[in-house]
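Subject: A structure for you to look at

Hello,

Here is the structure I promised to pass on to you. Please open it next to this email and turn it around as you read.

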Amino acid sequence: MVDRRREGVKQEAPREEKIPSDRDHLPTQTGVEFIIRFYRLLKGATIYDRKNFIIDRLTQDCLQLIHDILKLDKQLLLKIVRDNLFFNNIRIQMKADKYAILRAFLQEMRKRWIGELEFMEGVGLEDMKDFVYLLIGLEENVESNYLYMKKQLETRGLRAFNVGKLEAYKDEEIYVDSEDQKRQSKEVYFKSINLVKEVMEGVKSQKMLNTRKAKRLMQNAVNAIIQDESTLLGLANIKNYDDYTFNHSVNVAIYAISLGQRAGIPKKHLSHLGMAGLFHDIGKTRIPKEILNKSGKLTAEEWTVMRLHALLGTEIVLSMKEWGELSTRLVDGTFEHHLKYDLTGYPKLTRKKKVSLFGRIIALADFYDALVRPRVYNRFPFVSEKILGFMLERSGKDFDPALVKVFVNMLGIFPLGTLVLLNTNEMGIVVQTSEDTELIDRPKICILYYSDGDYKKTEVVDLREVDEGTRDFKRTIVKTLDPNEYNLNVAEFLM
Ligand SMILES: [Fe+2]
Ligand SMILES: [Fe+2]
């Protein structure tokens, strides 16, 4: 990776960072609401010009809140410290349902090296637009952007705003080239597949395992997901491959890490969660091949054997001394991944105990990935919207209801790689999901064009776009389509 860290960055993070308490709850809610409105305005400014009626509306939404906040708090200051957002010096908790949009706002600011935004009394409509278009027009990865902004604000007489520089710390990567990041994400994905292969084959021949390598790889996966979730989720969503078990294991790890980070699991534990996902099916190495790879329906006896993989996996994990303390985490994955939220499922429990958080996360990830398997494996190829619907239906019985909500928000109603038909009669593939939960049904679509017996990429359109004449959305999804029926390899369009 290109090292773009600059000289003069701080050597250490400040020790006395504010820890939020419950009394801070209300003000941060207002802060979250403000950031969301401000982010929508920023995004709007990238699509529409400043005379568009949508920009007027979004600006008004912001202004109203700015006035309310200033009346009450006398100040409106947003500050970024590392991966945290502060509203009037109180840290904002990245709650799961707002996670994606807050995260997206943070990234937009970080990319431009802006770490502070302040709004003061007397902001008008046109001033606010000036400010937003200035901000969105800043070049990426220019450390001195804040100076340019300050100068512009001064010469334009925009006295109600102030900006500050992003403070960077020694171990922090501020700007990551997106192509570079994509390449790294892919590397992590394919290295993980090889690792699972190695470990599973090693288990069969009772070889010693290289656990350090596995841990490091999952740490890389966590970093890649934090920086560039969409590439890894995209890879997990492409289900065309020959080696189901290995891909499935890596997909479960990816879904689990993404879900875990939204559920508030600290970063240092996320790599353990990834490992637990990676090896949840390790018990399958002890299941006879004839049963494991049987293409037809399993008999009742065969199912009994198949179900043993949860227990066998637990046995394997516990017998491996190299895993050390990590074993308990891995057992959460092996033992619990077919247990349901209401404790039905298998293995049968003799004593009731609650399924662990890791177990609940992996069960969800496993279920989803197992059902969207490609057609060759499935008699009924499920499209993900059906599965997500089913998960919502079984929420509270099979799955932890809070996690299901987070999961659906995370994948969007139309996950990456979904083939869709639009009301304009165009066909396209979802290439980016919306970070705004209110517009969850409006992802970015790569429009396909059919010629010479083949589908080709054309433009990428944003379904959030509104037509100025009719004041209605330009395009809307009518239904999802099965890529197999169109002989489409979704992967080609996603990567
Ligand atoms: Fe399993
Ligand atoms: Fe599985």
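Below is what I found, starting with how to read the numbering.

This is a predicted model, in which local features need pLDDT of at least 70, side-chain atom pairs count only at pLDDT 80 or more, and totals for chains, interfaces and linings use all residues. Residues are numbered from 1 along each chain as its sequence is written, chains are lettered from A and ligands numbered from 1 in the order in which they are written, and side-chain values use heavy atoms, with hydrogens and water left out.

Let us begin with the metals. Which residues hold the iron ion (ligand 1) as protein donors? They are Asp281 (OD), His309 (NE2), His337 (NE2) and His338 (NE2), at 2.1 to 2.3 Å from the ion. Donors here are N, O and S atoms within 2.8 Å of the metal (3.2 Å for Na, K and Ca); water is not among the atoms, so sites may look incomplete. Along the sequence, these donor residues are spaced D-x27-H-x27-H-H. Two of them come from distant parts of the chain: Asp281 sits in the loop between helix 10 (267-278) and helix 11 (289-292), while His337, 56 residues apart from it, sits in the loop between helix 14 (326-336) and helix 15. Helices (H or I, at least four residues) and strands (E, at least two) are DSSP runs, numbered from the N terminus.

The iron ion (ligand 2) has its own set of protein donors: His248 (NE2), His280 (NE2), Asp281 (OD) and Asp366 (OD), again lying 2.1 to 2.3 Å from the ion. Their spacing along the chain reads H-x31-H-D-x84-D. Here Asp281 is paired with Asp366 in helix 15, 85 residues apart.

You will have noticed Asp281 in both lists. The two iron ions are 3.4 Å apart, and Asp281 coordinates both.

Why is the arrangement around the iron ion (ligand 1) irregular? Its four donor atoms subtend angles of 82 to 168°, which makes it so. Four donors count as tetrahedral if all angles lie between 85 and 135 degrees; four count as square planar and six as octahedral if opposite donors are over 155 degrees apart and all others between 65 and 115; anything else is irregular. The site of the iron ion (ligand 2) is irregular too, with angles of 77 to 172° among its four donor atoms.

Buried means under 20% relative accessible area, exposed over 50%, and partly exposed in between (1.4 Å probe, protein chains only).

**Helix 15 and Gly359**

Helix 15 covers residues 357-371, and Gly359 lies in it. Gly359 counts as buried because its relative accessibility is 0%. Apart from its neighbours within four places in sequence, Gly359 is in contact (heavy atoms within 4.5 Å) with Asp332 and Glu336.

**The nonpolar cores**

The largest nonpolar core has 82 residues, and those with the most contacts inside it are Tyr255, Ile282, Trp323, Tyr368, Met391 and Phe407. Helix 9 (residues 244-262) gives the most to this core, with nine residues. A second, separate core of 55 residues includes Leu106, Leu135, Leu153 and Leu166. A nonpolar core is a set of buried Ala, Val, Leu, Ile, Met, Phe, Trp, Tyr and Cys residues joined through side-chain atoms within 4.5 Å.

Five strands make an open, antiparallel sheet in the order 3-2-1-4-5. Strand 3 (90-91) and strand 5 (161-165) are its edges, each pairing on one side only. Two strands pair if DSSP finds at least two bridges between them. Strand 2 (residues 84-87) and strand 3 are joined by two bridges, and Phe87 stands opposite Ile90.

Elsewhere, strand 6 (residues 419-422) runs antiparallel to strand 7 (residues 427-432), with three bridges. Four residues lie between these strands in their hairpin, where Asn425 takes a positive phi near 70°. Strand 7 also pairs with strand 8 (residues 444-451), in the antiparallel sense, over five bridges.

**Cysteines**

How many disulfides does the structure hold? Zero, where a disulfide is a pair of cysteine sulfur atoms within 2.5 Å. Cys62 counts as buried because its relative accessibility is 0%, and Cys446 counts as buried at 2%.

Enjoy exploring!
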